[in-house]
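Me: I'm new to this one. Can you put it up and walk me through it?

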Amino acid sequence: MIADRKLAKKGGGWLLERPEGIFTPEDFDDTVREIIKTTRTFVEREYQPVAERLEHGELELNVPLMRKAGEQGLLGIEVPEEYGGLDLSKTISTVVAEELSPTGGFSVTYGAHTSIGTLPLVYFGTPEQKAKYLPKLASGEWIAAYCLTEPGNGSDALAAKTKAVLSEDGKHYVLNGTKMWISNAGFAHLFTVFAKIDGEKFTAFLVERDTPGLSFGAEEKKMGIKASSTRMVILEDVKVPVENVLGTIGKGHQIAFNVLNVGRYKLGAGAIGGAKHALALSAKYAKERVAFGKPIAHFGLIQHKLAEMATRIYAGESATYRTVGLIDEALQGKSGTEAVLAGIEEYAIEASIIKVLGSEVLDYCVDEGVQIHGGYGYSAEYPIERAYRDSRINRIFEGTNEINRLLIPGMLLRRAMKGELPLVDAATRLQKELLEPSFDQPDDLELAQIDNLKKLVLMTSGLAALKYTTKIEEEQEILATAADILIDIYAAESMLLRSRRLGGGVYADMTTLYLYQALDRAQSAALGVLPRLAEGDEMRVMASAVRRLTKHEPTDLVDLRRRIAQKVLEAEGYPQPRA
Amino acid sequence: MKFVAVIRQVPDSESRLKIDAGRVDLSSATLILDQMDEYAVEEVIRLQEKHGGESVIVALGPERFEEAVRTALAMGADRAIHLVQEGYLDPITQAEALAEALRAEAPDVVLTGGQQADWDSQALGPAIAEALGWPVVTWTTALELEDGQARAKHDLDEGAEVVRVSLPAVFTTQQGLNEPRYPTLPGIMKAKKKEIRKIPISAASKVEVLEQSIQERSRLGKVLDGTKDPHAAASELIRLLHEEAKVI
Ligand SMILES: Cc1cc2nc3c(=O)[nH]c(=O)nc-3n(C[C@H](O)[C@H](O)[C@H](O)COP(=O)(O)OP(=O)(O)OC[C@H]3O[C@@H](n4cnc5c(N)ncnc54)[C@H](O)[C@@H]3O)c2cc1C
């Protein structure tokens, strides 16, 4: 679409330019594969034997398990070498998140420690703070927690009421307030607490567990991830030495949000790992369970579910590793705060996309997984039951899916306004093109369909931006519509580019299935907001453009799904491409 | 002292193998370090930890074996020698080629799996010993070195035996010899820098594989009707499990 080749590598740039190639799991090197194996062995040998007890309230078992994870090197992946870590790639931390995900609650303990717990220090700590705490966190001697949410505000984190006041001698800040839903609170040693200095300057503080004035609520009684500890953290006149201010005073939001960005793509990866687990359980069950004299895997409606699950996993997996590849490339040779800006903030849009996509793929897979198990899926004797309960939190934490949906187009618009992404130019050019449509048959239909979806989203967002200008934030439904189309574009494009490398087969089938449905969804969603954006003749011209841009031929989806299901049944789970 | 583990890469016992034109098709199988060889790797690392010296991995097999060799290095062995040859070689031919490399290394102890998971053979260890003219202790469950000799416990069909053997000697592993560690992330990173010396060889197999097939284990599909007399059905189930399936 646009000639500048660098655009495709920028966050959000894919909307304007198709990348030539993307990073995929088939690009994993031997080291990554070896680390995947070690993580699996960790789950089998260390986690499985205590899984039942952890799940039934013995939360303190998280602590030795984390130490063991530390011994294996699993806690130091993103910690610099000079502080006892390994300083490995984001690809590695992501595959580990994916592999640990079937452990449910323990994966939350692990994620809260390694991502939101440890990364604030890695990216924003002073050398003294890093030297003091990071070696302990990398070894698992200490466990970390991240305290942003409060009883009265979660999504609106900047509305925090927790206050910090400098002591008269200037040596301490005195913190008062309550933090809610804090993962690892039951056993963490180090808490990153966000508070407002003098009720104004949003700032992060490093608070040690045994600081007087720090206390904890009872364990929350949760729907799922029961093996994780979640408690209220209460701060009453907690004296924090001034050396323990993390980052710049008044810039706490930079820490809070960037750390969440990392949390988000890892959550997406974890969700995909969980979804693969659910699909494996379901495919095996479907082959074994007999009804009406046949294994239920024989039935079309069961195959339909298996095919949909695999297709969505393929979408989530392709989008996740594409992004992680971009981040690793951008992080080459960078560290600390610079790395955050270059690699993590740059791909905040993609991180939100992966968070929403992954958590919704997982919810779909566990839901249909329970359905495939019938009554047995409703029994705690079967692992799919726990998978179902463990899944639900993913749409809520690390920014609810609503908040992330709003962020996706919101960030794109902001970058357009700042001139970082030439979206306005593209939208203007598109206007002309839409008025003089070409009816040539494209050489590559599926690529053209994805380009069309890009045009569609540019067109609708362009109209919305013109009409609502600065009030666009109040049109949440329109923003979420744009977000849904953007998610589908990013997923479908990632699937398609990967399938081409994989040489077609089931991967091409899954791409076709996903793209077909994405076009349908986009058409329905766009037509559903169009009358708010335009009137009369303009509306009618736009409506026919929407139909043209989402056009597709009738396709035998039954046959497509049956073929995909066969591959799922053969593989007894997600047909993982071989490198 | 020098300790060598001879290792092989085999399909994971959990992966489902396909037969294609009378040949096992490994393209969709997960390939791993043979679990019986894992005991050997663990043991050479432990011997080195205790007695000092060097732990070395020796493998004979196609290029793809390198992954298993790296795993062994990631567990902690110092370096590796990989005799590279594609295609099938019978254990005796393998042992002859391995013996040549081993003689050059002149280790005190050679360990290898008590059994090779893929060929279901127990020949490799004894054949290596034979080719070297060294003593062999099979199915080893305990190994200790003292004054240039080894004290080893090894399994017999219905019991065990403790033997003393002069070094150098070959030992084959048995479950229980140790609890193999698995690679740590730092171990994996270090292994990338460890030496794997590749030596192409061209040995002629004395045995040629003509055809391979996979045993299909069909299920009995026996269903007991418990609607009329559940007690009788339960007793029958117990009898079948006890007498026929022999699982209880
Ligand atoms: C098990 C668990 C573990 C957690 N761990 C941690 C942790 O370790 N550290 C931490 O700081 N927090 C943690 N959280 C908190 C979590 O991040 C918040 O619950 C989450 O951000 C949502 O905030 P809330 O619960 O206050 O919901 P609210 O913000 O009250 O939202 C309620 C609903 O309103 C919607 N909504 C809110 N604002 C808007 C808007 N502007 N537009 C449209 N819809 C909106 C939301 O999407 C949601 O559907 C955890 C929560 C749970 C349940």
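Me: How is chain A divided into domains?

Reply: The assignment, which is automatic or from a database, gives chain A domain 1 (26-143), domain 2 (146-249), domain 3 (253-402) and domain 4 (420-571). This is a predicted model, in which local features need pLDDT of at least 70, side-chain atom pairs count only at pLDDT 80 or more, and totals for chains, interfaces and linings use all residues. Residues are numbered from 1 along each chain as its sequence is written, with chains lettered from A and ligands numbered from 1 in the order in which they are written.

Me: How many residues does each side give to the contact of domain 1 and domain 2 of chain A?

Reply: Domain 1 of chain A gives 24 residues and domain 2 of chain A gives 21, where contact means C-beta atoms, placed from the backbone, within 7 Å. The centres of these two domains, taken over C-alpha atoms, are 23 Å apart.

Me: Which element gives the most on the domain 1 side?

Reply: α4(A), with eight residues. At least two residues each come from α1 (30-55), α2 (62-71), α4 (105-117), α5 (119-124) and α6 (127-139) of chain A. Helices (H or I, at least four residues) and strands (E, at least two) are DSSP runs, numbered from the N terminus. By class, that side of domain 1 of chain A has 13 nonpolar, eight polar and three charged residues. Here Ala, Val, Leu, Ile, Met, Phe, Trp, Tyr, Cys and Pro count as nonpolar, Asp, Glu, Lys and Arg as charged, and the others, Gly among them, as polar.

Me: What does UniProt list for residues 31-141 of chain A?

Reply: An unreviewed UniProt entry lists "domain: Acyl-CoA dehydrogenase/oxidase N-terminal" there; such annotations may be inferred rather than shown by experiment. The span is 70% helix and 0% strand, with its end C-alpha atoms 26 Å apart.

Me: New topic. Where does the ligand lie?

Reply: Domain 2 (146-249) and domain 3 (253-402) of chain A both give residues to the shell around the ligand, so the ligand lies between them. The shell holds 19 residues, and the closest are Leu148(A), Gly154(A), Ser155(A), Thr400(A) and Glu402(A). A residue is near the ligand if its C-beta atom, placed from the backbone, is within 6 Å.

Me: Which element gives the most to that shell?

Reply: β3(A), with three residues. By class, the shell has ten nonpolar, seven polar and two charged residues.

Me: On to chain B. How is it divided?

Reply: Chain B has domain 1 (2-200) and domain 2 (219-248), and their C-alpha centres lie 44 Å apart.

Me: What is the strand order in the sheet of chain B?

Reply: Nine strands form an open sheet of mixed pairing, in the order β11-β10-β9-β12-β8-β1-β6-β7-β13 of chain B. Two strands pair if DSSP finds at least two bridges between them.

Me: Why is one side of β11 and of β13 left without a neighbour?

Reply: β11 (159-166) and β13 (196-200) of chain B stand at the edges, each with a single partner strand, so one side of each has no neighbour in the sheet. Strand β7 (residues 79-84) of chain B pairs with β13(B) in the parallel sense over five bridges. His82(B) has Lys198(B) as its bridge partner in β13(B).

Me: Last one: how many residues does each chain give to the contact of chain B and chain A?

Reply: Twelve from chain B and twelve from chain A. On the chain B side, α2 (66-75) and α5 (185-191) each supply at least two residues. By class, that side of chain B has seven nonpolar, two polar and three charged residues.

Methods: Contact = placed C-beta atoms within 7 Å.
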